[in-house]
Amino acid sequence: MQTLSRDAAAVKSPLLEVSRVSLSYELEKEKLDVISDVSFGLCKDEFLGIVAPSGAGKSSLLRIISGLQRPTGGEVRVKGKVIHSPVDEVFMIFQNFALLPWKNVLENVLLALLCKDLPEEVRRQKALKAIEDVNLKGFEKAYPGELSGGMKQRVGIARALALEPQILLMDEPFSSLDPLTADHLRVEFYSLLISQESPIQAVVMVSHNVEEVVELADRALVLSDRPSRVVQDVKIGLPRPRNKKSQEFYEYTDRIYSLLT
Ligand SMILES: Nc1ncnc2c1ncn2[C@@H]1O[C@H](COP(=O)(O)OP(=O)(O)O)[C@@H](O)[C@H]1O
Ligand SMILES: [Mg+2]
C-alpha cells in the first residue's frame, strides 16, 4: 500500500463488498444465529479493523470473506465478482499461525506458494525474499517448534508477503503473543504493509482488542455481540505513527469501548 490517506477512498469502487451477510450454524438440537445482516465495503489503500466481543462471529465472518465458508444469506464480492470459494486476490493470516510442525520455515512459506503457477526457482526466491523481509533470515531451516510465538507469526506474515494478495485478512494475528512481542510486531508489520514494494492494497483485521484496532486501522467497524450486526463504522482520523498515549487516542478507544458495551 503506497499511501494510507483515505481522502479519495469514498469515490473509488470497493475492492471488497460484503452485502447483507448472515450466518447460522445448525447444531444438533438448535440453530445458532451468529451473524445478522452485516454489510460493508473496503476500498484500495484501506485498513479496516473489525471489533467485536469474543464469540461474536469474527472468525466465521473472515472465513466467509476468504471464501472458505459459505454464508447462510447474503454475498461477498471481490473486485465486483461474487465469490463461492477462495480466490487468488485474498489471503488470510491466522490467530494460531497455522504452520505445519513437520515443515521448516522455508517449506511452510513455499507451501502457500504451491497454488501459484510459477517455476520452482521463482517460488523459492519469493519465499526467501519474504523470509528476509520479516527478519527471519538464518531461520529458513528451523522448525515451528524451535520458534517463539512472534517468530511463528512472522512466518505467517512472510507467507502473505510471498503470495502477494491484494486483500489481506487477519484473524486476531497478535492475540496469541505476549504484549511486548505483539507491540513490536504490530509496528513492524504495519511498516512492511505500507512499504512501496508491498502488493497488499487493503487489509481487514478482526480483533477484540480495541487499542490494537485504534493503533492500526483507518476505520473501525464495531459489531455487536452474537448474532453480530454493525453497530457503527468509525473513521479513525489520527495521524501516523499513532501515539498511544495521546488524548485523541484515548478518546477513540473510549468511544469504541462504549459502542461495544
Ligand atoms: N463450525 C462451527 N459449528 C458450530 N458452531 C460454531 C462453529 N464455528 C463457530 N461456532 C460458534 O459460533 C460462534 C462464533 O464463533 P467465532 O466465529 O469463532 O467467533 P469469534 O471469532 O468472534 O470468537 C461461537 O459461539 C462458536 O462456538
Ligand atoms: Mg475468533
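**Entry: helix 2 against helix 4**

I began with helix 2 and helix 4, which pack at an angle of about 40 degrees with their axes 9 Å apart. That angle makes helix 2 oblique to helix 4. I note here that the model is a predicted one. The crossing of helix 2 past helix 4 is right-handed.

Which residues make this contact? From helix 2 I listed Val105, Asn108, Val109, Ala112 and Leu113. From helix 4 I listed Val155, Ala158, Arg159, Ala162 and Leu163. I then sorted the contact by class and got eight nonpolar residues, one polar and one charged.

**Entry: helix 2 against helix 3**

Next I turned to the pair of helix 2 (residues 105-113) and helix 3 (residues 120-133). Their axes come within 9 Å and cross at roughly 120 degrees. Helix 2 and helix 3 are therefore oblique to each other. I checked the hand too: helix 2 passes helix 3 in a right-handed crossing.

On the helix 2 side, the contact uses Val105, Leu106, Val109, Leu110 and Leu113. On the helix 3 side, I found Arg123, Arg124, Lys126, Ala127, Ala130 and Ile131. How many residues of this contact are charged? I counted three charged residues, with eight nonpolar and no polar ones.

I looked back at Val109 of helix 2. Val109 belongs to the contact with helix 3, and Val109 is also listed in the contact with helix 4.

**Entry: helix 4 against helix 5**

I followed helix 4 (residues 149-163) on to helix 5 (residues 179-193). The two pack at an angle of about 15 degrees, and their axes are 11 Å apart. Angles under 35 degrees count as roughly parallel, so helix 4 is roughly parallel to helix 5. The crossing here is right-handed.

Helix 4 brings Gly149, Gly150, Gln153, Ile157 and Leu161 to the contact. Helix 5 brings Thr181, Leu185, Phe189 and Leu192. By class I noted five nonpolar residues, four polar and no charged ones.

**Entry: two domains**

I looked up the domain assignment. Domain 1 covers 1-83 + 218-261, and domain 2 covers 90-164 + 167-200. Their C-alpha centres lie 23 Å apart. The contact takes 11 residues from domain 1 and 10 residues from domain 2.

Which element gives the most to the side of domain 1 that touches domain 2? I found that helix 1 does, with four residues. By class, that side of domain 1 has seven nonpolar residues, four polar and no charged ones.

**Entry: around ligand 1**

I moved to ligand 1 and wrote down its shell. The residues around it are Tyr25, Leu32, Val34, Ala52, Ser54, Gly55, Ala56, Gly57, Lys58, Ser59, Ser60 and Arg226. Two elements give two or more residues each: strand 2 (31-42) and helix 1 (58-66). Where does the largest share come from? Helix 1 supplies it, with three residues.

I placed Pro227 in the loop between strand 9 (219-223) and strand 10 (230-235).

I found another cis peptide bond between Arg240 and Pro241, with omega of about -10 degrees. Pro241 is in the loop between strand 10 and helix 7 (247-260).

Last, I looked at Lys79. Lys79 lies in the loop between strand 4 (73-78) and strand 5 (81-82).

Definitions and conventions:
Residues are numbered from 1 along each chain as its sequence is written. Chains are lettered from A and ligands numbered from 1 in the order in which they are written. This is a predicted model: local features need pLDDT of at least 70, side-chain atom pairs count only at pLDDT 80 or more; totals for chains, interfaces and linings use all residues. Axes are lines fitted to C-alpha atoms, for helices over the stretch in contact, and angles run from 0 to 180 degrees between N-to-C directions. Angles under 35 degrees count as roughly parallel, over 145 as roughly antiparallel, 65 to 115 as roughly perpendicular and the rest as oblique. A crossing is left-handed if the near helix is turned anticlockwise from the far one by less than a right angle, and right-handed if clockwise. Two residues are in contact if their C-beta atoms, placed from the backbone, lie within 7 Å. Ala, Val, Leu, Ile, Met, Phe, Trp, Tyr, Cys and Pro count as nonpolar, Asp, Glu, Lys and Arg as charged, and the others, Gly among them, as polar. A residue is near a molecule or strand if its C-beta atom, placed from the backbone, lies within 6 Å of it. Domain bounds come from an automatic or database domain assignment.
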